[in-house]
Structures are given as C-alpha cells and as structure tokens.
Amino acid sequence: MRKFRVNSLRLRVMILFSVTFLILLGMLLLTTQLFFDQYYMSMNRHTMTMNVDSFVRDLSKGKGGELVAKLKLNTGAIVFIYPIDMMKSIVEGSGSQSLASNDMNQNYSQLPGVANQNLLMGDEIIKEVYEYLQAGQETYFRVHEDDMGSKMVFGVLMPKGELLIMQKRMGLSEEASTLFFRFITTIAAVIYVVGIILIYIMTRVITNPIMKMKEVTGKMASQNFSEKLEIKGGDEIQTLMASINKMADQLSTSIDNLNISNEQLERELSKEKSLEKMRRQFVSDVSHELKNPLSMIIGYTDGLLQQIPKDEKQKEEYYEIIMDEANRMECLVRDLLDLSGYESGAFTIEKEFFDLNQLILDTLERLEMTNKKKDIEVEYQAQDDAIVYGDRLRIHQVLINLLTNSFKYVNQGGVIRVNISLEQSEVKIKVVNTGPLIPKKELEDIWNSFYQVNTENKGNGLGLAIVKSIVKLHGGSCRAYTEDSYNCFEIII
C-alpha cells in the first residue's frame, strides 16, 4: 500500500471527508440529545389531537367501546371522560364523583378503556384542564410532575360538554430516548469506521488519475514524452488528461524541432567558424603560392632591366623562366577562381547524358602524350552502355585532376588503373596508382586546398580540392585510401 505523505492530496481529501463526516455524526447525536424529548412530546400531542378528532366524529355512530379502545391503542394513553355535572362539582369544590354516579356517567362507565379518575387523576389537574378549555382554548397539553414521575396530560371538550382527558407517562419516552441515543452512538461509530474505508476507496478513485498526471507531467519536465495518460470516460479529469496528452505531443514536436534548429544553428556556427578559418588559411596559402612566382618574375625582370644577361642565350633563359612562372601564376589564379566558384555555390552545373567510357579514353590519351618520359602501364577496361547523367565538362575536369595526380606520383615503370561501376542511381570511378604510399594520417588532408604530400613535385595543391567541390555539387562523395601497394582515389556521383 502506498504511504501517505503529510502534503499528500489523497491524505488531505481523506481528512476533509472524515472530518466532515464526523461533524455530521456529531450534529446528529447532539440534535438527538437536545431535541428528542420536545420532538417526542410534539408528536404525541399531534397524535392525540388527530385521534381525538376522529373519536369525536365517530362517537355519534355508536360503538363507543370500540372507539375508546382504538383511541387508547393509537395513542398509548389512559382515557378519562368527565360528564358535565361532575365537572361542575369538581369546579365548585364539592368533591369527585364516580363515573357511575348518574345517568350520563352510566353512558361512559361501561366503555372499555375508560379509567376511574379517582385512581389516576387529581381534582386539581381536572379543574385546571376544564378552566383552561372554558377560557376558549381548543386543546390542553402540558407535562405534570408527581411522585411517579413526569406525565403528559391532554384535554379537550367534547361536543356535548363532556371533558376528555388523556394521560401518558414520560418514563417510556425517557427510556426510549436513552436507548435511542446509545443505539445512535453505536451505529454512528460503526458507520464512521465504514465511512473511513469508503472514503479511502473514493479518494483512491478520485486521486489516482491526479497522481498519474503528476507522475507523467514530472517526466515531461525532464523532456520525457514517451508515456501517455490512459483516457477512460469523458469527465473533467479525463478531459484534462486528454489535454495533457495533446500538450505532450505538441511539446515533444516543438522540442524536437527546436533541437533540430539548434543542431542546424550549431552546424552553421561551426561551419561559419570553419569557413572563417579556411578563409584565413586560404588567404595565407594564396599569398604564399603567389609570392614565389611573383618574386621570380620580379627578380628576373629586374635582371633584364639591369642587363645582367650578356648574350642572347642567357636572355632566352631569363625569358623562359619568366614565362614559366607567369604560366604557373595563370594556372593558380584559374584554379583559385574555379575553386572559389564551386565552394561558394555560385557555380551552377549543367547536366546532360554522355558516354563516360569515351570521356575517360579521351582523358587518358591526352595525359599519356604529356607523360611519355615515364615507363607507365595504364589499365582501363571499358564498360558497356556507360551512359551517365551529369555535367560533362566538370566530370572531365575531375578525371584530368585525378589522373594528373596519379601520373605525378606514380613510380617509374609503375601502374595506373581506372575502374568504373554503374548502379541504379550512381556511378563509381576509381583511380589507383603504384608509387610511394600516402601516410594514413594524411589521407583526409589531401582533399584540402594547397595541401601536398610531396612538395618536390610541381603543383599548387588545388587539384583534389577542385575534385571534391565538383563531386559535392553532383551530390556525391570522395575518399582516399591505400590498398596493398596502391594509392586509391574513389569518387561516387
């Protein structure tokens, strides 16, 4: 059983109900103790009045004995009937007379249930009742005390002037009141215990949904929206639970969207920081790359102006050096412009269907003509129906940069191999070459601008960066790895 806490809603509801129930029981017992006697007398007076009225109406029809017996039975009182002449003698003080003392008394003395006044009723009470009624009052009802205790006396004048008096002892009322109070007290205690049990059950029924709501909302406060409240019925609490479920769904969606937005913002901020870092690095690298050719051009141009070369052959050497460095600067600037356009997103690719086999063959033929100095074996097995959809000019540039990189680093007498594979929605191009293997820690860096594994080879370190940007524009990916004795470059577009 779940323990109650001092500030528990269930405990407070139980205390509220039990105190209210206890107050109501206390009010019932107090009311019974204070007003039962008055209520008892009031009900007896009402009963006597109603039955006497009925007795008087039915008396003219005969059967007086049966009527008196009925009157005594219905009221539980002793019945006295005093004729007119007896009333006069009592009032005048000449003493009481027997009911059988005259002709009129003979009419009542034989009625069953009619008592002898000499045995049960004093003349003073009879005189008080008679005078009270002679004063114009309809009925007489008072409580008198004697040696035997309290008694209720009821009186009324009959239509022919006779005085009807009924007397009922209060001992029965007092005993009934005492017994009734004890009975009510015992029953109240039992009802209170039963009531506490019922109140406990009721509070569980009432507060269980509230406790469940507290538990679930506590989890919501910890951003756990997996648990839902079970709806049973359509009352106000169930409607509130449905609203909490709806709120949980909306909060979960809002928080998920907020988390996604935060993640996007963090990525954007990280990207912005990375771009800023790349810009600084880019400016530094460009300055460094341009510094050397510019210094060479300026130095050899100044030498020509100073007429340092003494003959035409030396001048020709100076001109060739200046031209080589200028061409190198031109390539560098062209590559920088291309890379800037790709990375900024300002460049738009123009896709078309073209034959990838033919494009690879044309690229290999062009590069083999410029790399005859190396004894290189180039392997490529054409694929059937290698029709792809993309920007033909930019894919050509990707192939040139990849193959140029392989021709640059392949060893003397080495192998360059090109493989392609076509699937439903992508094409994979793989270029491998023998030669010094790229260190594993540099495999990711080679796609960055100006990065070169071997700075002894001529180049500006932008070729693979351009490859990565073009592949990214096609929604693809690229990676570098080593396998056996080969450097492998793989792109998927």
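Analyst: Let's begin with Glu-379, which has a relative accessible area of 26% and is therefore partly exposed. On this scale, buried means under 20% relative accessible area, exposed means over 50%, and partly exposed is anything in between, using a 1.4 Å probe and protein chains only. Before going further, note that this is a predicted model, in which local features need pLDDT of at least 70 and side-chain atom pairs count only at pLDDT 80 or more, while totals for chains, interfaces and linings use all residues. Residues are numbered from 1 along each chain as its sequence is written, and side-chain values use heavy atoms, leaving out hydrogens and water.

The partner of Glu-379 is Arg-417: the two form a salt bridge, and their closest N and O atoms are 2.8 Å apart. Glu-379 belongs to strand S6 (residues 377–380) and Arg-417 to strand S8, so the pair ties together parts that are 38 residues apart in sequence. Arg-417 is partly exposed too, because its relative accessible area is 23%. Two terms need a word here. A salt bridge is a side-chain nitrogen of Lys or Arg within 4 Å of a carboxyl oxygen of Asp or Glu. Helices (H or I, at least four residues) and strands (E, at least two) are DSSP runs, numbered from the N terminus. As a general point, side chains of opposite charge can pair when their charged atoms come close.

Asp-484 sits in the loop between strand S10 (477–483) and S11, and although Asp-484 is not a glycine, its phi is positive, about 55 degrees. Most residues other than glycine have a negative phi. Asp-484 is exposed, because its relative accessible area is 72%.

How many salt bridges does the whole structure hold? A search finds 5. Another of them joins the side chains of Glu-128 and Arg-142, at 2.8 Å from N to O. Glu-128 is in helix H6 and Arg-142 in strand S2, so this pair links parts that are 14 residues apart in sequence. Glu-128 is partly exposed at 28% relative accessible area, and Arg-142 is partly exposed at 38%.

Buried in H6 are Ile-125, Ile-126, Val-129, Tyr-130 and Leu-133. These residues cover an arc of only 130 degrees around the axis, which puts them on the same side of H6; the arc is that of the directions from the helix axis to the C-beta atoms. After H6 comes Gly-136, with a positive phi near 110 degrees. The C-alpha atoms of Glu-138 and Thr-49 are 10.0 Å apart, although 89 residues separate them along the chain.

A further salt bridge stays within one helix. The side chains of Glu-312 and Lys-315 meet at 4.0 Å, N to O, and both residues lie in helix H9 (residues 312–344), 3 residues apart, about one turn of the helix. Glu-312 is exposed at 58%, whereas Lys-315 is partly exposed at 29%.
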